[in-house]
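Please open the model in a viewer and keep the selection panel at hand.

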Amino acid sequence: MQVSAIWIRVLGYISLATATVIFALSLLGQLPLSRPIAGYLFASGLMALVSGALIIAAKLRETNNPLAEKAVPSSLVAYLLFVLMTMHWLNN
């Protein structure tokens, strides 16, 4: 089963927008939990990096680039790992 490039790109742009909002809120001091600001900045930077990988993987898939066979699954797994790491960080 192949995931459509459109869905991968949408996920990438939504994640990038979320990372931007988290970054802006952390700079304004509107943090939802009592965590250090450095953690929020690191999480938003990492989320932006993973989102960029998703967007690039979607573009590779649209152009039928052979590299997309490796880039799409690895970027999706990287996104899943980021989500799990963030959940662990927020629960501790």
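Begin by selecting serine 51, which lies in helix α2; helices here are DSSP runs of H or I with at least four residues, while strands are E runs of at least two, numbered from the N terminus. The model is predicted, so local features require pLDDT of at least 70 and side-chain atom pairs count only at pLDDT 80 or more, whereas totals for chains, interfaces and linings use all residues. Residues are numbered from 1 along each chain as its sequence is written, and side-chain values use heavy atoms, with hydrogens and water left out.

Is serine 51 buried or exposed? Its relative accessible area is 0%, and serine 51 is therefore buried (buried means under 20% relative accessible area, exposed over 50%, partly exposed in between, with a 1.4 Å probe and protein chains only). Display its surroundings next: leaving out residues up to four places away in sequence, serine 51 touches Gly12, Ser15 and Leu16, where contact means heavy atoms within 4.5 Å.

Now select the largest nonpolar core, a group of 13 residues in which Ile8, Met47, Val72 and Tyr79 have the most contacts. Such a core is a set of buried Ala, Val, Leu, Ile, Met, Phe, Trp, Tyr and Cys residues joined through side-chain atoms within 4.5 Å. At least two residues of this core come from each of α1 (5–28), α2 (37–62) and α3 (68–91), and α2 gives the most, with six residues. Centre the view on valine 72: apart from neighbours within four places in sequence, valine 72 contacts Ile8, Ala57 and Arg61.

Continue with α3, a helix of 24 residues that reaches 34 Å from its first C-alpha to its last, close to the 34 Å expected at 1.5 Å a residue (the expected span is 1.5 Å times one less than the number of residues). Its buried residues are Ala68, Ala71, Val72, Ser75, Tyr79, Phe82 and Thr86. These buried residues pack against α1 and α2.

Move to the loop between α2 and α3 and select asparagine 64. Its phi is near 55 degrees, a positive value in a residue other than glycine. Asparagine 64 counts as exposed because its relative accessibility is 68%.

Finally, show the side chains of arginine 9 and glutamate 62, which meet in a salt bridge at 3.1 Å, N to O. The pair links distant parts of the chain, 53 residues apart, with arginine 9 in helix α1 and glutamate 62 in helix α2. The structure holds one salt bridge, defined as a side-chain nitrogen of Lys or Arg within 4 Å of a carboxyl oxygen of Asp or Glu. Glutamate 62 is partly exposed, with a relative accessible area of 43%.
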